[in-house]
Amino acid sequence: MERIAIIGCGTMGHSIALSVAWAGYDVTMHGIAAEELECAQVSIASKLKVLTDNELLAFDEVDLVKERVTTVTTIEEAVKDATFIIEAVPERLELKQQIFKQLDQLCDSSVILASNASAISPTDIADQTIHPERTVITHFWHPAHLIPLVEVVRGARTNDETVERSIALLNELNKKPIEVKKEAPGFVGNRLQFALLREAQHILQEGIATKEDIDAAVLYSIGRRLPVTGPFLSADMGGLDVYTDISNYLYKDLSNAKQSATSMQELLDAGELGSKTGKGYYEWNSTFTEEINTAREKELIRYMKQDRGL
């Protein structure tokens with residue numbers, strides 16, 4: 001078994017650590033201060049309660065999962081015995097380069113250095129390392145303990161062994177890894193997600209439909225179908241002749257905007273950032289925020305139980 005360390009204990013770091021411990025692995029979680037690690041442990045305990053309430057985890061397993069997570073405040077302690085390290089610090093290239101340079105110096109060349117970056121190039125992250133061949137992106141999706149997808153992204157000098165070990169570990173963690181064979185901004189998931197968002201912004205901007213009806217169009221059509229059939233499988237089922245005709249007719253009218261729509265920029269300029277500020281496209285009071293977060297978590301748990309045959 002790989003011996004795993006997580007660098008960072010914030011939103012993604014503690015959730016990845018929970019995924020690792022839930023799968024039966026011991027994990028060392030690094031935070032820059034004891035207070036930060038205490039917050040992470042509280043968050044893990046809260047998530048474990050949700051898992052037990054939904055019968056994804058037995059009550060008598062909770063303490064075992066907690067015991068598998070060791071917390072430390074120095075990177076040296078975190079990586080001392082690790083064979084696989086996952087960095088989950090804020091999305092700033094200079095910070096990640098600094099950490100990977102340090103990890104590269106501290107760790108034997110056999111240790112895999114993975115980053116949870118969601119957009120930054122793995123080649124750039126490994127730029128200051130002596131052994132870039134063992135650097136890879138393992139992009140977990142939020143919330144990491146409930147979303148199965150992890151994108152495994154090669155850098156220019158990432159070797160096959162690094163990718164193979166990453167995929168093998170992620171399978172052991174009950175994740176659904178995909179291999180991104182070459183670097184591309186946004187990898188796979190975010191390219192698809194933001195292509196949909198770009199067209200949604202365009203539809204709103206053109207006055208074709210309201211934001212509520214655009215959201216409903218996704219929720220009650222492709223949102224229901226895509227969990228079973230992705231875009232290529234859907235095309236096969238619908239008939240490639242039909243999809244080709246629609247593509248040839250429709251593509252020329254779709255948005256090809258190179259930047260975010262005016263409607264979003266106006267909200268940004270007004271300091272209205274969405275749920276974090278209480279207003280974005282929607283009004284985010286405490287009741288609505290709780291309602292949406294609970295509904296999303298409930299749906300993700302339903303899919304997880306389905307995946308696990310529960």
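Analyst: Glu 76 is partly exposed, with a relative accessible area of 43%; this class applies because the value lies between the 20% limit for buried and the 50% limit for exposed. The model is a predicted one. Glu 76 belongs to helix α4, which spans residues 75–79. Beyond its neighbours within four places in sequence, Glu 76 contacts Gln 102 and Leu 106. Gln 102 lies 26 residues from Glu 76 along the chain, and the C-alpha atoms of the two are 9.3 Å apart.

Apart from neighbours within four places in sequence, the contacts of Ser 263 are Leu 204, Gln 205 and Tyr 281.

Leu 204 also takes part in the contact between helices α8 and α9. Helix α8 covers residues 189–205 and helix α9 residues 211–225; their axes come within 10 Å and cross at roughly 145°. The crossing is right-handed. On the α8 side the contact is made by Leu 196, Ala 200, Ile 203 and Leu 204, and on the α9 side by Lys 211, Ile 214 and Val 218. By class, six of these residues are nonpolar, none is polar and one is charged.

How values were computed. Residues are numbered from 1 along each chain as its sequence is written. This is a predicted model: local features need pLDDT of at least 70, side-chain atom pairs count only at pLDDT 80 or more; totals for chains, interfaces and linings use all residues. Side-chain values use heavy atoms; hydrogens and water are left out. Axes are lines fitted to C-alpha atoms, for helices over the stretch in contact, and angles run from 0 to 180 degrees between N-to-C directions. Helices (H or I, at least four residues) and strands (E, at least two) are DSSP runs, numbered from the N terminus. A crossing is left-handed if the near helix is turned anticlockwise from the far one by less than a right angle, and right-handed if clockwise. Contact means heavy atoms within 4.5 Å. Ala, Val, Leu, Ile, Met, Phe, Trp, Tyr, Cys and Pro count as nonpolar, Asp, Glu, Lys and Arg as charged, and the others, Gly among them, as polar. Buried means under 20% relative accessible area, exposed over 50%, partly exposed in between (1.4 Å probe, protein chains only).
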